[in-house]
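Colleague: Please take me closely through one part of this model. Keep it simple, and show me what surrounds that part.

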Amino acid sequence: MKRTIYNKFDKQLIAKLPVVKYSGRIITILSEGEAERAVDYLLSQPIIGIDSETRPAFRKGHTYKVSLLQVATQDICFLFRLNFIGLPPCLIRLLENKQVPMVGLSLQNDLRALHERAPFKPGRFIDLQQMVGKVGIQDMSLQKLYANLFHQRICKRQRLSNWEADVLTEKQKEYAAIDAWSCILIYDEILSLTATGDYDYVVVTPELKEKASAEEPVN
């Protein structure tokens, strides 16, 4: 049975989808030594997903530096607490690497924030926003992309939480891990669909959107 891919996924339908759960291992990095070992492992992998988090500022004119860099493989996610360790040479080595592809979403924003920690020359980054058009998807948010491709919902409740807290909560850790790990899944799925063409493409019209909203989630 062919998959159905929509040019735009209705945001109202996302709330009806089952929530994504992360079953991999999460390792929090709090020292440069731990970071060195984690980077050595990550650079031995075929592909990694990457994302970052910054403590939200609720006062006008007040900002924070990027607090967390999360880097995932298919089954492990490392959470680098940048507010504790900064951007040490080993992480710059990772970010500048040209061998292992680093997949993310809206990477320009992440790279700009990381540059505020320390200068580096970006390596082999792949931005999903530049890939999804190959299968006709126009959505650019991670939540909509994942819902469109896998019909599951990435919960965003932790997005505005305190990423500079002394200890991250389990919900924060899972949220951060999913954001990086899901990039690998989306990347692999886009490559598969592009290679096989095994999907039906639907352009959502106002009439179709109204009909879908009155029924079960599209699948």
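Modeller: Let's take helix 6. Strand 1 (3-6), helix 1 (11-14) and helix 7 are among the elements that cover its buried residues, judged by contacts (heavy atoms within 4.5 Å). Helices (H or I, at least four residues) and strands (E, at least two) are DSSP runs, numbered from the N terminus. The model is predicted, so local features need pLDDT of at least 70 and side-chain atom pairs pLDDT 80 or more, while totals for chains, interfaces and linings use all residues. Residues are numbered from 1 along each chain as its sequence is written, and side-chain values use heavy atoms, without hydrogens or water.

How covered is helix 6? Mostly: seven of its nine residues are buried. Buried means under 20% relative accessible area, exposed over 50%, and partly exposed in between (1.4 Å probe, protein chains only). The buried ones are L142, Q143, L145, Y146, A147, N148 and L149.

Now look at two rings. Y146 and F150 both sit in helix 6 (residues 142-150), four residues apart, about one turn of the helix. An α-helix has 3.6 residues a turn, so residues three or four places apart point the same way. The two rings form a tilted aromatic pair, with 4.6 Å from centre to centre and 40 degrees between the planes. Rings of Phe, Tyr and Trp (its six-membered ring) pair when their centres lie within 6.5 Å; planes under 30 degrees apart are stacked, over 60 edge-to-face, the rest tilted. Y146 is buried, at 2% relative accessible area. F150 is partly exposed, at 23%. The whole structure has six aromatic pairs. Elsewhere, ring pairs link Y41, F78 and F80 into a cluster.

Step just past the end of helix 6. There H151 takes a positive phi of about 55 degrees.

Strand 3 (48-54), helix 5 (107-115), helix 6 and helix 7 (170-196) each supply at least two residues of the lining of the largest pocket. Strand 3 gives the most, with five residues. The volume of this pocket is about 600 Å³. Of its 23 lining residues, D51, S52, E53, D110 and R159 are the closest to the centre. The lining has eight nonpolar, eight polar and seven charged residues.

Next, the cysteines. A search of the whole structure finds zero disulfides (pairs of cysteine sulfur atoms within 2.5 Å). C155 is partly exposed, with a relative accessible area of 26%. What about C90? Its sulfur lies 16 Å from the closest cysteine sulfur, also in C77, and that too is too far for a bond. C90 is buried, at 2% relative accessible area.

C77 turns up in one more place. Leaving aside neighbours within four places in sequence, I27 is in contact with I76, C77, F78 and L79. I27 lies in strand 2 (residues 25-29) and counts as partly exposed, at 21% relative accessibility. F78 is one of the residues in the ring cluster.

Note on methods: 1 Å grid on protein atoms, 1.4 Å probe; cavity = no way out; pocket = protein on both sides within 12 Å on 5 of 7 lines; lining within 4 Å. Points joined across faces, edges and corners; volume = space filled by probe spheres on them. Nonpolar A, V, L, I, M, F, W, Y, C, P; charged D, E, K, R; others polar.
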